[in-house]
Amino acid sequence: MIDRAEIYVKGGDGGNGTVSFRREKFVPYGGPDGGDGGNGGSIYILGDAGAATLYSFRYKKQFRAEDGGKGKGKNMYGKRGDDLIIKVPLGTQVRLKKEDGEGGLVADVVEHGQQVLVAGGGKGGKGNARFATSTNQAPRTAEKGEPGVEAWLQLDLKLIADVGIVGYPNAGKSTLLSRVTKARPKIADYPFTTLEPVLGVVDMGERSFVLADIPGIIEGAHLGRGLGLDFLRHIERTQVLIHLVDGGAENPLSEMGKVEAELGSYEPPLNDRPRVVAINKIDLPEVRSRLPQLEKEFMGLGIPVYYISAATGEGVRGLLLKALEMVVRSGKTGTEKKEEEEFKVFRPRPLPSRKGSKREGKHDQV
Ligand SMILES: Nc1nc2c(ncn2[C@@H]2O[C@H](COP(=O)(O)OP(=O)(O)OP(=O)(O)O)[C@@H](O)[C@H]2O)c(=O)[nH]1
Ligand SMILES: [Mg+2]
């Protein structure tokens, strides 16, 4: 899945104004009649509920709106350049890329039909007809069209999940997701099997919610250890977290503490999110035999703790019901929450010309 893409956008240039004079029979010196150039087309980004990924931007990265046409004689305006619309999935954040790294947020596209101007077309130049004055009745000047705005944009697709599963590598997060949804993430008994978030829909009869499995988190992840913490941006908007703990770990409580510390050092901190703890792998005899001890240790946390086996399904339904209840209690689905946020429409200024510049996106992931 591609969750980040870089694209180049350029509004169409304005058409040049024209120098022209009327030519009529019996009128030796006709007045100026050079028309204005047409405005260049603009580029808009449009939220499209039918789009699911940023996949298409892997192949097409450059977008140019049509240039405005040149002005013509007989006071004819040049043709206006056509606008170009780029459709993106809901949950896409658009940032302006600058030479010195990431620029500001241009838009947060969360609604179907939401349209944001990202590169305005240049204005068409005035034709010489506009420059006629009483003292200069035959002006030979016309304006050039303005160049369209150009910019590099970074698109980030924020997955919109209601519940996120966090935990140490190997805790069984992907096993849990595959148990309760149709998603089929890779599962293996080595750390960092999951390299990027995977989503699935949990069908609970009358209601359903979206569950996200994300990569494992280890101590020092905020410093880049393991797979780092970047992927947490995918669950910034989840209402509820399931903290999954491997019941067979040497010290499950301290493992959980390490992950919590990392969630706290992420910006924005995620450790104030409503959460439920699930101790996994209770089907293993060595885990089952230490259950009384685990219950004692985890009781003090003051949050709901469930004992489950993602492999056999034992205890899983209770966990899901609790997660659903917490989502419902938060009163917001991922989609509703976003409507409260403010959207900025940003109009980038023209960059110094970078004609013909080609850059490959650095952040594409498969
Ligand atoms: N016995 C038992 N094994 C489990 C259970 N859940 C997961 N496992 C095993 O634990 C290993 C890790 O499972 P994953 O689901 O890949 O763990 P993960 O948390 O997604 O790991 P990362 O993606 O690396 O962070 C696999 O070998 C699973 O088969 C369980 O409930 N019982
Ligand atoms: Mg996994």
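A salt bridge is a side-chain nitrogen of Lys or Arg within 4 Å of a carboxyl oxygen of Asp or Glu. A search of the whole structure, which is a predicted model, finds 14 salt bridges.

**Figure 1. Arg 130 and Asp 36 form a salt bridge.** Their side chains meet at 2.3 Å, N to O. Arg 130 lies in the loop between β7 and β8 (150-157), and Asp 36 in the loop between β1 and β2, so the pair ties together parts that are 94 residues apart in sequence. Arg 130 is partly exposed, with a relative accessible area of 47%, whereas Asp 36 is buried, at 7%.

**Figure 2. Three strands form an open sheet in the order β4-β2-β7.** Pairing within the sheet is mixed. The edge strands, β4 (84-88) and β7 (115-119), each pair on one side only. From one strand to the next, the twist averages 30°. Strand β2 (residues 43-47) pairs with β4 in the parallel sense over 5 bridges, and the bridge partner of Gly 47 is Val 88 in β4.

**Figure 3. The largest pocket has a volume of about 300 Å³.** Its lining comprises 24 residues, with Asn 170, Gly 172, Lys 173, Thr 175 and Ala 188 nearest the centre. Helix α1 (residues 173-180) supplies the largest share of this lining, 3 residues. By class, the lining has 11 nonpolar, 8 polar and 5 charged residues.

How values were computed. Residues numbered from 1 in each chain as written. Chains lettered and ligands numbered in written order. Predicted model: local features only at pLDDT ≥ 70, side-chain atom pairs only at ≥ 80, totals over all residues. Heavy atoms only, no water. 1 Å grid on protein atoms, 1.4 Å probe; cavity = no way out; pocket = protein on both sides within 12 Å on 5 of 7 lines; lining within 4 Å. Points joined across faces, edges and corners; volume = space filled by probe spheres on them. Helix = DSSP H or I, 4+ residues; strand = E, 2+ residues; numbered from the N terminus. Nonpolar A, V, L, I, M, F, W, Y, C, P; charged D, E, K, R; others polar. Pairing = 2+ DSSP bridges. Axes fitted to C-alpha atoms, helices over the stretch in contact; angles between N-to-C directions. Buried < 20%, exposed > 50% of the residue type's maximum accessible area, 1.4 Å probe, protein only.
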